[in-house]
Amino acid sequence: MAKRLIFLGPPGAGKGTQAQILSEDHQIPHISTGDILRTAVARETPLGKQAKDYMDQGELVPDALILNLIQDRLSYEDTANGWILDGFPRNVNQAAFLEELLAKLGQNADCVLNLSVPDDVLVERLLSRKRKDDNESTIRRRLEVYHQNTVPVIEFYQQRNLKTIDGNQNMEAVTELLGQAIS
Ligand code: AMP
């Protein structure tokens with residue numbers, strides 16, 4: 001059965017790590033908009049040049065840059081057996097766009113996984129990471145942006161197939177809980 005999973009959660013919740021594990025276990029592509037954008041920035045593509053300043057400041061890049069990108073990515077052949085979206089949708093407009101896109105593709109998300117971790121734990125985790133946008137002021141801004149823009153996405157999916165998982169435990173325990181949630 002195809003597995004189509006949407007991963008929600010604040011920066012530093014461990015979405016990327018867990019999505020990668022699920023992707024390997026289920027042989028479905030891990031689609032991280034953050035990774036796609038970082039690659040574009042590193043290659044200095046037109047997309048990368050437009051996205052860079054927003055990313056460096058911890059802001060969301062404009063939807064106009066992201067929506068085409070996700071539409072394009074979900075049309076690749078490797079998505080036939082499913083996918084894991086990590087970092088998208090990040091606001092309600094993106095979530096509404098995704099609904100329409102999936103309807104056009106005749107697809108449905110099987111599960112929306114929400115990885116929950118308290119802010120103080122996130123700040124600590126992010127400060128110990130070595131990414132360019134992981135300095136203290138950017139981290140604070142990314143968390144604010146998360147609460148303003150992405151928490152409403154949780155509400156958007158609340159009436160549907162949303163499963164919230166406690167991400168404030170060790171990696172193996174979270175992997176186990178996620179496995180149970182989607183089985
Ligand atoms: P991430 O790796 O998911 O934390 O994303 C890193 C940065 O990329 C974010 O802080 C945003 O600037 C940008 N980004 C990633 N995904 C999105 C998205 N769906 N919408 C807008 N900006 C995004």
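Let's start with Tyr 157: at 2% relative accessibility, this residue is buried. Buried means under 20% relative accessible area, exposed means over 50%, and partly exposed lies in between, with a 1.4 Å probe and protein chains only.

A word on the model. It is predicted, so local features need pLDDT of at least 70 and side-chain atom pairs count only at pLDDT 80 or more, while totals for chains, interfaces and linings use all residues. Residues are numbered from 1 along each chain as its sequence is written, and side-chain values use heavy atoms, leaving out hydrogens and water.

Back to the rings. How many aromatic pairs does a search of the whole structure find? The search gives 1. Phe 156 and Tyr 157 have ring centres 5.1 Å apart and planes at 85°, so they sit edge-to-face. The cut-offs: rings of Phe, Tyr and Trp (its six-membered ring) pair if their centres lie within 6.5 Å; planes under 30 degrees apart are stacked, over 60 edge-to-face, the rest tilted. Phe 156 is partly exposed, at 21%.

Next, strand 1, residues 3-8. Helices (H or I, at least four residues) and strands (E, at least two) are DSSP runs, numbered from the N terminus.

Who are its neighbours? Strands pair if DSSP finds at least two bridges between them. Strand 1 runs parallel to strand 3 (residues 82-86), with 5 bridges. There, Ile 6 partners Leu 85. Strand 1 also runs parallel to strand 4 (residues 111-116), with 4 bridges. Phe 7 has Leu 113 as its bridge partner there.

Now charges. The structure holds 12 salt bridges. Each is a side-chain nitrogen of Lys or Arg within 4 Å of a carboxyl oxygen of Asp or Glu. One of them joins Asp 56 and Lys 132, at 3.1 Å, N to O. Asp 56 is in helix 3 and Lys 132 in the loop between helix 6 and helix 7, so this pair ties together parts 76 residues apart in sequence. Lys 132 is exposed, at 62%, and Asp 56 is partly exposed, at 28%.

Another joins Asp 78 to Arg 73, with the closest N and O atoms 2.8 Å apart. Arg 73 is buried, at 15%. Asp 78 is partly exposed, at 38%.
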